[in-house]
Amino acid sequence: MIRVCTVIDLPPGEAVRVVAHVPIAVFNAEGELYAVDDTCTHQDASLADGWLEDCRVECPLHASSFDLRTGLPSGPPAKRPVRTYPVVVLDGVVYVNTEAQQDVA
Amino acid sequence: MRTIAVIGASLAGLRSAEALRAQGFDGRLVVIGDEPHEPYDRPPLSKDFLLGTADRASLALAAPDALAALDADWRLGVRADRLDAATREVHLSDGSTLTADGVVVATGGEPRTLPGTLALRTLDDAERLRAALTGGARRLVVIGAGFIGAEVASTARRLGLDVTVVEVLPIPLGRVLGPEIGAVCGELHLDHGVRLRCGVGVDHVSPSGVVLTDGEVLPADLVVAGVGAHPATGWLAGSGVAIGNGVLCDQGGVTSVPGVVAVGDVARWSGQRHEHWTSAAEQASVAVRNLLAGTTVELHDRPGYFWSDQYGVRIQFIGETHLYDEVRYVDGTPADRKFAAVYVRDDVVVGVVAMNDARHFTRLRRRLGTAPLSTPAP
């Protein structure tokens, strides 16, 4: 488990980036927390810098968007999903469980 | 339509083929590509591929199974030499003729060349240039401080070469990004020990170097020209398809000839050529819809977007800078080489630019067409 930040530091609509075995982006999408690989599967860009709308984040470089629940891209240019990770909140602190990475598709 | 020919197998051609299948075309699909390679991505050619940190395989625009799923007949290494628009016959360089009900023109651009210089457009160009950069050349002169020129200069610098960039305009990228931001882009060269000579032309290239119009000679072992590209329309001469600095199209990619649409760098939509990666992909879906409908049912009106990676700085831009009143910084400063700014005209955001600030860029691009924020964006 990797400590991300306090819940207060991650208000709705915001994202933070933490470095684990790879950089991971943690999002607060209208109160629900999600964690995915931070680096877009298409080209080097940080998804934590992207545009968050509902349960999707749009890559800031080429506007492929990824579903934060499944990691799946909406379409080109990204071809592969990003990995997703469980998020846990304990005593007001946000953690990401990197051991339980969830590969999809 | 039973047969559709896509002429061009790069980004715009591939996205057109994908759009045809995605939009339900189940007839015969033929893709003609003059290069022998399967569709590959050009932007890395001046960056990671030239540097040697990305290989050929990483350039593939589509995975092999995705290419196979298109169920297309790929004719690679074959050029389209001529189109007879009345019969929609495409005459190919291998002597064969292809008759199609619909034609997508996606032949891209051909780099302007100067004798004694290398250009960079194709994978083969990039391999040649990489061999030259790593083959003992010490002094490189880059003619043209546009994006290709700047990216080549940046990569060559990282490979340890002594680099000079010559630009005929007084400010690099001034026509694209405006004088203020263009000047900041120019400073990136100086930050990294690259010399920049602006406002002077090139008279000719001699074996010893580049002779400028003011008489100065820039010594060089290797000279690269990044001075733009012509639309590749030569093969359409006499076809009946109207040409004028590109294939003339309406705002849906529809040409003067029924059953023929054009996309990407070769196409001029509503008077403008959009020689950018994202435009090529977006145009393909619109043009294909109009081709299949037999008339213009969809227009492309999304603002032009491009990015450039040079000297470790990511530049992003969207919109336009024509006759803007002011550049307003929303985050950071040019001196930090990390900022986001909006171009304002008549109190409306018409463009957004950022250096190393994707976070603010992503948010500001949604402000296009609206009044600028008086306080910094969140």
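# Exercises on a predicted two-chain model

In strand 18 of chain B, V260(B) is the bridge partner of V103(B). The structure is a predicted model, and the exercises below start from this pair.

## Exercise 1. Strand 7 of chain B and its partners

Determine which strands pair with strand 7 of chain B, and in which sense.

Solution. Begin with strand 18 (residues 260-262) of chain B, which is joined to strand 7 of chain B by three bridges, the two running parallel. The pair V103(B) and V260(B) belongs to this pairing of strands 7 and 18. Next, consider strand 1 (residues 3-7) of chain B: four bridges join it to strand 7 of chain B, and these two also run parallel. Here I4(B) has G102(B) as its bridge partner in strand 7 of chain B. In general, strands of a sheet pair through backbone hydrogen bonds, either parallel or antiparallel.

Finally, examine how strand 7 (residues 102-105) of chain B presents its residues. G102(B) and V104(B) point one way, V103(B) and V105(B) point the other way, and all are buried.

## Exercise 2. The largest nonpolar core

Which residues touch the most other members of the largest nonpolar core?

Solution. The core has 136 residues, and the members with the most contacts to other members are V26(A), I7(B), V104(B) and V263(B). The largest share of this core, eight residues, is given by helix 7 of chain B. In soluble globular proteins, nonpolar side chains tend to be buried together.

## Exercise 3. Helix 5 of chain B

Decide whether helix 5 of chain B is largely enclosed or open, and compare its span with the expected value.

Solution. First, the span: helix 5 (residues 147-158) of chain B has twelve residues and reaches 17 Å from its first C-alpha to its last, close to the 16 Å expected at 1.5 Å a residue. Second, the burial: a residue counts as buried if 20 or more other C-beta atoms lie within 10 Å of its own. By this criterion the buried residues of the helix include F147(B), I148(B), V152(B) and A156(B). Because ten of the twelve residues are buried, helix 5 of chain B is largely enclosed by the rest of the structure. Third, the end: just after the helix, G160(B) takes a positive phi of about 95°.

## Exercise 4. An open sheet in chain B

In what order do the three strands of the open sheet in chain B stand, and which of them are at the edges?

Solution. The order is 12-13-14, with antiparallel pairing. Strand 12 (202-206) and strand 14 (217-219) of chain B each have a single partner strand and stand at the edges, so one side of each is left without a neighbour in the sheet. The twist averages 20° from one strand to the next. Strand 13 (residues 209-212) and strand 14 of chain B pair over three bridges, and V211(B) has V217(B) as its bridge partner in strand 14.

## Exercise 5. A hairpin in chain A

Which strands of chain A pair with strand 4 of chain A?

Solution. Strand 3 (residues 23-29) of chain A pairs with strand 4 of chain A in the antiparallel sense over six bridges, and F27(A) has Y34(A) as its bridge partner. Two residues lie between the strands of this hairpin, where E30(A) takes a positive phi near 50°. Strand 8 (residues 84-85) of chain A is also joined to strand 4 of chain A, by two bridges in the antiparallel sense; the bridge partner of V36(A) is T84(A). As for burial, strand 4 (residues 32-37) of chain A is mostly covered, with five of its six residues buried.

## Exercise 6. The contact of chains A and B

How many residues does each chain give to the contact, and which element of chain B gives the largest share?

Solution. Chain B gives nine residues and chain A gives ten residues. On the side of chain B, helix 7 (277-293) and helix 8 (358-364) are the elements that give two or more residues. The largest share, five residues, comes from helix 8 of chain B. By kind, the residues on the side of chain B are five nonpolar, two polar and two charged.

Technical notes: Residues are numbered from 1 along each chain as its sequence is written. Chains are lettered from A and ligands numbered from 1 in the order in which they are written. This is a predicted model: local features need pLDDT of at least 70, side-chain atom pairs count only at pLDDT 80 or more; totals for chains, interfaces and linings use all residues. The expected span of a helix is 1.5 Å times one less than its number of residues. Two strands pair if DSSP finds at least two bridges between them. Axes are lines fitted to C-alpha atoms, for helices over the stretch in contact, and angles run from 0 to 180 degrees between N-to-C directions. Two residues are in contact if their C-beta atoms, placed from the backbone, lie within 7 Å. Ala, Val, Leu, Ile, Met, Phe, Trp, Tyr, Cys and Pro count as nonpolar, Asp, Glu, Lys and Arg as charged, and the others, Gly among them, as polar. A nonpolar core is a set of buried Ala, Val, Leu, Ile, Met, Phe, Trp, Tyr and Cys residues joined through C-beta atoms within 7 Å.
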